[in-house]
2 protein chains.
Amino acid sequence: MPQYTPPVRDTRFILDHVVQLDKHANLPGFANATPDVVNAVLEEGGKFVAEVLFPVNLSGDQQGCTRHADGSVTTPDGFKEAYKQFVESGWATLAAPEEFGGQAMPHVVSTAFEEYMISANMAFAMYPGLTHGAIAALLAKGSQAQKELYVPKMVSGEWGGTMNLTEPQCGTDLGLIKTKAEPQADGSYSITGTKIFISSGEHDLTSNIIHLVLAKTPGAPDSSKGISLFVVPKVLVKEDGSLGARNAVTCGSIEHKMGIHANSTCVMNYDGATGWLVGDEMKGLAAMFIMMNAARLGVGLQGLGVAETAYQNAVAYAGDRRQGRALTGAAEPAEKADTLFVHPDVRRMLMEAKALTEGLRALCLWGALQVDLAHKAATEEERETADDLIGLLTPVIKGYGTDKGYDIATTAQQVYGGHGYIAEWGMEQYVRDARIAMIYEGTNGVQAMDLVGRKLAQKGGRAVQAFFKLVAGEIADAKAQDEATAQFAGRLEKALGDLQASTMWFMANGMQNPNHVGAGAHSYMHIMGIVATGLMWLRMVRAANALLAVGEGDAKFLGAKLVTARFYAERIMPDTGALRRKIEGGSDSIMALDPEMFLAA
Amino acid sequence: MPQYTPPVRDTRFILDHVVQLDKHANLPGFANATPDVVNAVLEEGGKFVAEVLFPVNLSGDQQGCTRHADGSVTTPDGFKEAYKQFVESGWATLAAPEEFGGQAMPHVVSTAFEEYMISANMAFAMYPGLTHGAIAALLAKGSQAQKELYVPKMVSGEWGGTMNLTEPQCGTDLGLIKTKAEPQADGSYSITGTKIFISSGEHDLTSNIIHLVLAKTPGAPDSSKGISLFVVPKVLVKEDGSLGARNAVTCGSIEHKMGIHANSTCVMNYDGATGWLVGDEMKGLAAMFIMMNAARLGVGLQGLGVAETAYQNAVAYAGDRRQGRALTGAAEPAEKADTLFVHPDVRRMLMEAKALTEGLRALCLWGALQVDLAHKAATEEERETADDLIGLLTPVIKGYGTDKGYDIATTAQQVYGGHGYIAEWGMEQYVRDARIAMIYEGTNGVQAMDLVGRKLAQKGGRAVQAFFKLVAGEIADAKAQDEATAQFAGRLEKALGDLQASTMWFMANGMQNPNHVGAGAHSYMHIMGIVATGLMWLRMVRAANALLAVGEGDAKFLGAKLVTARFYAERIMPDTGALRRKIEGGSDSIMALDPEMFLAA
């Protein structure tokens with residue numbers, strides 16, 4: 001049976017030395033996040049997910065959700081009880097504002113907990129995850145009355161929330177949506193249309209589900225500029241907050257899909273359902289992007305979270321399974337065979353997973369800190385820089401993070417050999433679950449286009465310049481620290497050089513033909529992912545060497561960090577050179593063929 | 001619903017211009033393979049798999065196999081009828097020797113058909129696929145009586161065959177097997193033990209199943225040197241060939257696995273089953289490798305076969321689905337949106353799949369030709385060279401081919417966006433099916449170790465030197481052909497340089513520490529895969545340019561070949577540089593950590 005141990009020690013190391021939480025104690029809300037409180041969140045939260053959510057992960061995948069004839073949906077056995085405990089223990093309220101019943105913890109702390117929750121049970125974590133996205137949109141764009149009516153019970157976890165964007169004919173291109181919103185005399189709207197792929201769209205965990213729905217009002221332009229956002233509760237809410245009549249929104253079916261079986265992915269039918277406008281008419285896309293940006297960071301975290309559990313199990317298997325002998329002679333001659341740990345190619349796979357999960361953990365937490373800083377930093381300049389950086393890196397954390405999450409899950413499965421393919425061992429579930437993260441909330445190709453097509457050029461390239469400055473500055477500092485740190489910094493400098501050269505190539509060639517930029521977008525996203533994760537490793541190297549120099553910290557743990565950083569430099573970073581060459585190939589061979597010439601049949 | 005069209009035109013082009021079938025017409029058996037006969041095999045065989053096997057592929061995945069209380073197993077609806085047609089149409093007998101009822105077609109021709117069969121229904125294709133492996137072992141090592149008793153009905157498809165190697169405690173390390181073979185007074189053996197992961201181990205397609213089983217005789221050494229091979233029919237066969245009593249071999253359970261649901265993966269219990277030694281006692285490993293090498297090439301073909309179908313569907317979807325606008329302005333302003341074909345990143349994904357599937361098709365067929373030549377070439381020198389080349393490249397075709405097959409299936413699924421994750425669209429099945437090919441018949445890590453640990457060094461490096469000579473010779477010829485051909489040859493020369501430098505690095509560092517070689521094995525396998533596939537593309541470029549120069553052939557088809565080759569050079573080949581740098585990183589950072597330091601938790 002699979003196992004999971006929350007990586008508290010690593011999270012703690014990253015919060016201390018990469019995020020440097022203590023330097024931000026003066027920010028609003030951060031004062032509460034004392035080391036003791038943070039430790040309690042990590043320890044107790046980790047314990048909760050490992051003991052309550054993880055045990056129903058494999059069984060939840062095997063059972064899946066069930067839709068009944070009346071349109072109701074039941075989650076797998078144990079989910080309802082686990083959710084009840086989740087709510088009663090207060091884990092739902094971690095990052096929400098105090099005025100709506102939340103604990104107002106920094107986003108960086110709640111993100112650390114969310115990683116554990118995903119690792120333990122990704123399909124479960126999506127129920128509160130979607131609710132958080134809906135809360136964020138209501139807080140940002142809802143009226144005070146809407147906030148007061150819906151948000152407290154969503155924060156507590158009593159009610160759930162969803163995002164309703166996709167329709168059968170459109171996902172990425174939301175200008176094509178057909179769902180209609182007809183204004184009614186009482187100020188409400190009558191919503192009619194079909195939404196698909198609605199995660200957590202219907203289930204039995206909460207007494208109400210607050211749907212946020214994109215629709216078009218009469219006469220709205222036939223493009224994304226004509227979209228408005230509506231709040232459509234499953235059960236209408238009376239002014240006193242009590243539940244009223246059932247609204248005309250039903251789950252038409254649930255999808256049979258590759259993974260995340262325990263999360264209900266619904267076709268939602270709106271048949272003249274009553275909804276209310278959130279924010280301004282025809283400004284729905286902006287409101288949607290508030291949910292979407294938070295969701296993208298959450299999906300990046302899913303890449304990491306699933307990869308971590310897959311990796312932990314691969315490590316355990318490599319220690320248990322005996323096959324063959326070390327190339328340098330039997331490591332344990334008394335045994336009939338050595339463990340998988342003696343084989344360099346098995347270790348190569350494990351080290352890839354280790355270097356990437358630890359690096360992505362740091363990147364996700366650093367990214368979460370930027371979200372905090374963008375809202376709470378003391379000066380406008382600091383807030384702007386943080387906002388620029390997280391805007392730039394959101395598609396990278398989502399796209400690179402989930403591409404790598406899937407790779408790691410696949411690699412961890414590979415360590416198991418044939419047993420990795422068998423359901424009861426649990427490894428193939430991680431691959432199937434990780435796969436969706438590359439697709440939803442904008443495919444990774446869409447992330448890459450967002451990066452090169454929007455984020456690079458915004459505000460005259462201010463964000464990417466800020467990122468280059470950040471990385472180059474830390475490289476310069478690191479070179480001055482000590483020899484070992486300088487060596488890693490030198491490797492990162494080369495990767496940064498490939499990123500900068502690729503950026504220049506886009507600038508020089510993109511104006512003449514934007515397809516040159518589009519053709520290199522995915523490779524560029526990966527170079528930036530390698531550099532950003534490399535920056536995280538640089539910080540870990542600096543901290544480890546500094547601590548070792550003064551004899552502080554756990555020498556074995558810090559030594560492992562240095563070994564893993566060296567692996568990252570030797571085995572991950574070389575890809576930036578190849579990716580740069582691919583970008584410089586341009587788009588000619590990609591755009592040349594007529595569609596009918598793709599098939600050689 | 002998914003679709004599949006056999007790529008006959010591409011196969012034909014490869015057989016003519018890469019394999020150059022007409023140059024080998026003087027070989028035994030090749031005279032029968034006239035262009036007309038080959039075309040008939042491709043056209044009719046393609047028609048058969050598309051019309052009979054493909055329609056039960058998705059339904060077979062959804063239904064899976066069922067084991068009944070009596071140990072019998074039924075295949076999904078439609079499989080029995082399809083298998084009956086497969087046998088009646090004679091497709092089972094294509095490559096088998098005439099003396100046992102086969103059609104004695106060249107292996108290269110039957111391989112072309114097998115690709116189509118896999119593309120249409122990988123799980124189905126495994127039933128006859130395993131039978132072919134068992135036939136090969138019996139023909140090579142069985143007694144004349146065994147051949148006459150078993151082989152004709154296996155060739156016809158009336159009986160099936162299996163390979164029984166893996167046990168719960170061992171897969172790769174077969175020295176650890178525990179299955180016992182006790183000699184009986186009548187010359188037979190009593191076989192007792194448990195085998196797992198036995199593909200096609202029990203099913204309802206054939207009246208008998210001839211199991212080939214690895215077991216240990218009393219007193220045999222406790223290593224792979226103590227293994228013997230036995231033939232153990234499910235139903236005992238009387239001397240006259242008729243069926244006798246049921247043997248004591250039963251299916252204990254079938255595995256619930258990630259994919260290939262329609263192939264029964266069985267736990268097989270041998271409870272004093274009657275078996276007969278095949279070949280010499282304690283020479284089972286050599287006999288097993290006859291099955292294994294053929295099986296590895298077949299698994300490499302699975303990588304290609306599944307990838308091809310996934311790719312074809314991605315192309316179809318890209319033409320149907322409308323989302324967004326071309327970066328250079330609306331391509332079809334009258335429509336609400338352009339098709340996915342306008343987006344460079346979608347085309348990047350499709351071109352990756354196209355360049356790799358067409359390249360791998362050529363490589364698999366070229367590899368099959370080497371198998372033919374190793375047996376049938378006129379001179380000992382030619383036979384040796386072919387045997388050297390296919391020995392070297394078998395792990396590459398298996399390992400690189402299936403790594404890429406899985407990547408392509410994943411990429412094709414990505415083109416579908418959210419719909420790719422939904423079972424009814426069929427794309428996620430290809431990913432799950434393709435996944436096993438990286439694992440069975442020796443994981444791809446084992447393939448990589450076979451390549452660098454055995455094949456490189458064998459006979460003083462004769463095989464790899466022959467490969468270098470072959471590639472370098474064709475590069476030199478191509479440079480003399482024309483400017484366009486020379487340009488592609490120059491790119492391949494650079495990739496070959498990375499392969500040669502990596503080989504040299506192993507030679508210089510492997511003696512001192514064999515872990516340096518093991519740590520680079522997987523990267524090395526990929527460089528060799530890129531170079532070998534690059535050689536296939538070089539041949540296609542040469543043929544296309546030569547034909548275009550004289551105004552022969554279909555200019556659009558040949559033009560597409562040249563565009564795709566350019567893509568291969570620009571977007572696939574750059575990886576050899578990064579892979580080489582990874583190899584040159586050696587094994588220090590990979591071997592450094594104590595097992596308990598892998599987890600940062």
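Which residues of chain A does the UniProt annotation "domain: Acyl-CoA dehydrogenase/oxidase N-terminal" cover?

1. **Ground rules.** This is a predicted model, in which local features need pLDDT of at least 70 and side-chain atom pairs count only at pLDDT 80 or more, while totals for chains, interfaces and linings use all residues. Residues are numbered from 1 along each chain as its sequence is written, chains are lettered from A and ligands numbered from 1 in the order in which they are written, and side-chain values use heavy atoms, with hydrogens and water left out.

2. **The N-terminal annotation.** The UniProt record (an unreviewed entry) places that domain at residues 80-158 of chain A. UniProt positions are given in the numbering used here, feature names are shortened, and annotations may be inferred rather than shown by experiment. Over residues 80-158 of chain A, the chain is 71% helix and 0% strand, with its end C-alpha atoms 12 Å apart. Helices (H or I, at least four residues) and strands (E, at least two) are DSSP runs, numbered from the N terminus.

3. From the unreviewed UniProt entry, "domain: Acyl-CoA oxidase/dehydrogenase middle" covers residues 163-271 of chain A. Residues 472-594 of chain A are 85% helix and 0% strand, and the end C-alpha atoms lie 43 Å apart.

4. **How the copies are related.**

5. **The interface.** In chain B, 106 residues are in contact (heavy atoms within 4.5 Å) with 106 residues of chain A. The two chains bury about 9300 Å² between them, 59% of it on carbon and sulfur atoms; buried area is the accessible area (1.4 Å probe) that two parts lose on being put together, summed over both. Tyr421(B), Arg571(B) and Phe598(B) supply 10% of the area that chain B buries against chain A, more than any other three residues.

6. **Charged pairs.** A salt bridge is a side-chain nitrogen of Lys or Arg within 4 Å of a carboxyl oxygen of Asp or Glu. The rule finds ten across the interface of chain B and chain A, including Arg566(B) with Asp588(A) (3.6 Å, N to O). Helix α16 (residues 555-572) of chain B gives the largest share of the side of chain B that touches chain A, nine residues.

7. **A link within chain A.** Asp554(A) and Arg9(A) also meet in a salt bridge through their side chains (3.2 Å, N to O). This pair joins distant parts of the chain, 545 residues apart: Asp554(A) is in the loop between α15 (514-549) and α16 (555-572) of chain A, and Arg9(A) is in helix α1 (residues 8-17) of chain A.
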